[in-house]
Amino acid sequence: MKYNHFTPFLVLALIFSSCVAQKKYNDLLGGKARSDREVARLVQVEKEHEALKAEMSDTRTTLSKTEKELSELKDKYEELGAAQMELKSEYDVMAANNRGLLASSSDEKKELTAKLTAQQRELDEKARMLNLLKEELEVKEEAIAEREESITELNKQLDLQRRSLQFLKAGLNDALRGFSASDLTVVEKDGKIYVSMSQNLLFASGSNKLDQKGKDALAKLATVLTANPDIQILVEGHTDTDGTPEFNWDLSVTRATAVVKELTSHGLEPTRVTAAGRAFYVPVDSNDSEQGKARNRRTEIILAPKYDKLYKLLN
């Protein structure tokens, strides 16, 4: 057998190529795991947002109940005040009678004295109860004022977020005005903005390399997002059902990652952006027709406001 001097180098090249491929695969798996964790965190944020809205509703209900209790306490306070005045009037009458009966028998004097003492004790008890009710009313009024202030601030923050989303949506529509509605849409839903880009706009079929027209659209999008630093960004890759699940998982992840890299290359802060692959598991249309598959082959950029200030108010 003739010995070839290039044989060892060929073997080493094959081993090195295998190691590089394995490393890329491991890196993709690690990226997918991180993406799944980020997606789970964003889902948790969305749940916390819904819980926040429910808690605000409960707070309003509690405020209404507390105001009703305050009204009842005020009524009771007024009733006790009237009773105190009536007792004082009776006391004054009895005192006057006592002065007129100074010459009467000692037994009658003792009886009147006992009644006056009992009346005085009752008056003292009523006065004590009135003071307690007054303190309770002050506490209730202070609590109601604090709750009203918190609700006002919460509503203010929610209104600011709504206006911020409306401003962002207007900016996106203006920046992306030149693109076809079949390739790019901007929709506000459930307190978030969804920018949906078709495969036709961004990638060739089966590829994760961005086309130039897709880069142009992402550059304009990055400009708007950079000017809105309080917005968190989730980039989701979606496919149709053609091909194996494994291929579609990888394709959706690498496409999302390609979009993230393009956005951050234009100055967008990387800590604000998360990439996620959805494969064909979150369709927007049926995969039974070519038209439906075309709609499902898309990249969605989901924009959501930060909720840090709202969490601080609730805590």
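Predicted model: local features only at pLDDT ≥ 70, side-chain atom pairs only at ≥ 80, totals over all residues.
Let me begin with helix 4, residues 212-226. At 1.5 Å a residue, its 15 residues should span 21 Å, and the end C-alpha atoms are 21 Å apart, so the two values agree. The expected span is 1.5 Å times one less than the number of residues. Helices here are DSSP runs of H or I with at least four residues, strands are runs of E with at least two, and both are numbered from the N terminus.

Residues are numbered from 1 along each chain as its sequence is written, and side-chain values use heavy atoms, with hydrogens and water left out.

Which residues of helix 4 are buried? They are Gly-214, Ala-217, Leu-218, Leu-221, Ala-222, Val-224 and Leu-225. Seen down the helix axis, the buried residues of helix 4 fall within an arc of 160°, so they line one face; the arc is that of the directions from the axis to the C-beta atoms. An α-helix has 3.6 residues a turn, so residues three or four places apart point the same way. On the face of helix 4 turned away from the buried side we find the exposed residues Gln-212 and Thr-223. Buried means under 20% relative accessible area, exposed means over 50%, and partly exposed lies in between, with a 1.4 Å probe and protein chains only.

Of the 315 residues in the chain, 32% are buried.

I turn next to strand 2, residues 192-198. Here 7 of the 7 residues are buried, so the strand is largely enclosed by the rest of the structure. Both faces of strand 2 are covered: Lys-192, Tyr-194, Ser-196 and Ser-198 are buried on one side, and Ile-193, Val-195 and Met-197 on the other.

What does strand 2 pair with? Strand 1, residues 184-189, pairs with strand 2 in the antiparallel sense over 6 bridges; two strands pair if DSSP finds at least two bridges between them. Val-186 stands opposite Val-195 in strand 2. Strands 1 and 2 form a hairpin with 2 residues between them, and Asp-190 in the turn has a positive phi of about 55°. Strand 2 is also joined by 6 bridges to strand 5, residues 298-305, and these two run antiparallel. In that pairing, Ile-193 stands opposite Leu-303 in strand 5.

My next topic is charge. Side chains of opposite charge can pair when their charged atoms come close. How many salt bridges does the structure hold? It holds 12, a salt bridge being a side-chain nitrogen of Lys or Arg within 4 Å of a carboxyl oxygen of Asp or Glu.

One of these joins Arg-162 and Asp-159, whose closest N and O atoms are 3.9 Å apart. Both residues lie in helix 2, residues 106-175, and are 3 residues apart, about one turn of the helix. Arg-162 is partly exposed at 45% relative accessibility, and Asp-159 is partly exposed at 29%. Asp-159, Arg-162 and Arg-163 are linked in a network of salt bridges.

Another salt bridge joins Lys-293 and Asp-242, with the closest N and O atoms 2.9 Å apart. This pair links distant parts of the chain, 51 residues apart: Lys-293 is in helix 6 (290-296), and Asp-242 is in the loop between strand 3 (231-238) and helix 5 (245-264). Lys-293 is buried, with a relative accessible area of 12%, whereas Asp-242 is partly exposed at 39%.

A further salt bridge, at 3.2 Å from N to O, joins the side chains of Arg-298 and Glu-300. Both Arg-298 and Glu-300 are buried.

Finally, I come back to helix 5. Asn-248 has its place in this helix and counts as buried at 2% relative accessibility. The C-alpha atoms of Asn-248 and Gly-277 are separated by 8.7 Å, although these residues are 29 apart along the chain.

Thank you for your attention.
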